[in-house]
Amino acid sequence: MSEFIKIANASDLTVGQAMVVDVAGRSIAVFNVDGQLYALDNTCMHRGGPLGEGFVDQNNLTVQCPWHGWVYSLTSGASPLNSMAKVEKFEVKIEGEEIKLALD
Ligand code: FES
């Protein structure tokens, strides 16, 4: 079973925002879409763009890399357009006042 660790306070990530956290040497982007949290590896597979600074499409639950526009699903980390492109996705949740994330 995955072990969840605290990465932030719930108040640090309001609806519509994203944040980037460093956990165990990894840079992870966490998104709050309508109160639902999603977490992906922050590093775009193309050339390392910061997905945490990308454009979130709330309807399709995707994030678009700010550098050259690659798109990733917030729910799976996979690109809907390129089957070769996928970033790692992480379990993330709010527990009380804390945001918790599991690395695997
Ligand atoms: S670095 Fe993300 S699209 Fe190029």
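Analyst: Partly exposed means a relative accessible area between the two cut-offs: buried is under 20% and exposed is over 50%. The model discussed here is predicted.

User: Is Glu95 buried, exposed or partly exposed?

Analyst: The relative accessible area of Glu95 is 37%. Buried needs under 20%, and exposed needs over 50%. The value of 37% falls in between, so Glu95 is partly exposed.

User: Which residue forms a salt bridge with Glu95, with the closest N and O atoms 2.8 Å apart?

Analyst: A salt bridge needs a side-chain nitrogen of Lys or Arg within 4 Å of a carboxyl oxygen of Asp or Glu. Glu95 can supply the oxygen, so the partner must be a Lys or an Arg. At 2.8 Å, that partner is Lys100.

User: Is Lys100 buried or exposed?

Analyst: Lys100 has 16% relative accessibility. The cut-off for buried is under 20%. Lys100 therefore counts as buried.

User: What is the N to O distance in the salt bridge between Glu98 and Lys100?

Analyst: Glu98 counts as partly exposed, at 28% relative accessibility. Its side chain meets that of Lys100 in a salt bridge. The limit is 4 Å. The N to O distance is 3.8 Å.

User: Which residues do salt bridges with shared partners join into one network?

Analyst: Lys100 has a salt bridge with Glu95. Lys100 also has one with Glu98. Shared partners like this join one network: Lys93, Glu95, Glu98 and Lys100.

User: How many residues apart in sequence are the parts tied together by Arg26 and Asp41?

Analyst: The side chains of Arg26 and Asp41 meet in a salt bridge, at 3.0 Å from N to O. Arg26 lies in strand E3 and Asp41 in strand E4, so the pair ties together parts whose separation in sequence is 15 residues.

User: Which residue's backbone nitrogen does the side chain of Asn42 reach at 2.7 Å?

Analyst: Asn42 lies in the loop between strands E4 and E5. Asn42 counts as buried, at 9% relative accessibility. Its contacts include Val20, Ile28 and Pro50. At 2.7 Å, the side chain of Asn42 reaches the backbone nitrogen of Gly52.

Definitions and conventions:
Residues numbered from 1 in each chain as written. Predicted model: local features only at pLDDT ≥ 70, side-chain atom pairs only at ≥ 80, totals over all residues. Heavy atoms only, no water. Helix = DSSP H or I, 4+ residues; strand = E, 2+ residues; numbered from the N terminus. Buried < 20%, exposed > 50% of the residue type's maximum accessible area, 1.4 Å probe, protein only. Polar contact = N/O pair within 3.5 Å; in protein donor to acceptor, adjacent residues only side chain to side chain. Contact = heavy atoms within 4.5 Å. Lists of a residue's contacts leave out its neighbours within four places in sequence.
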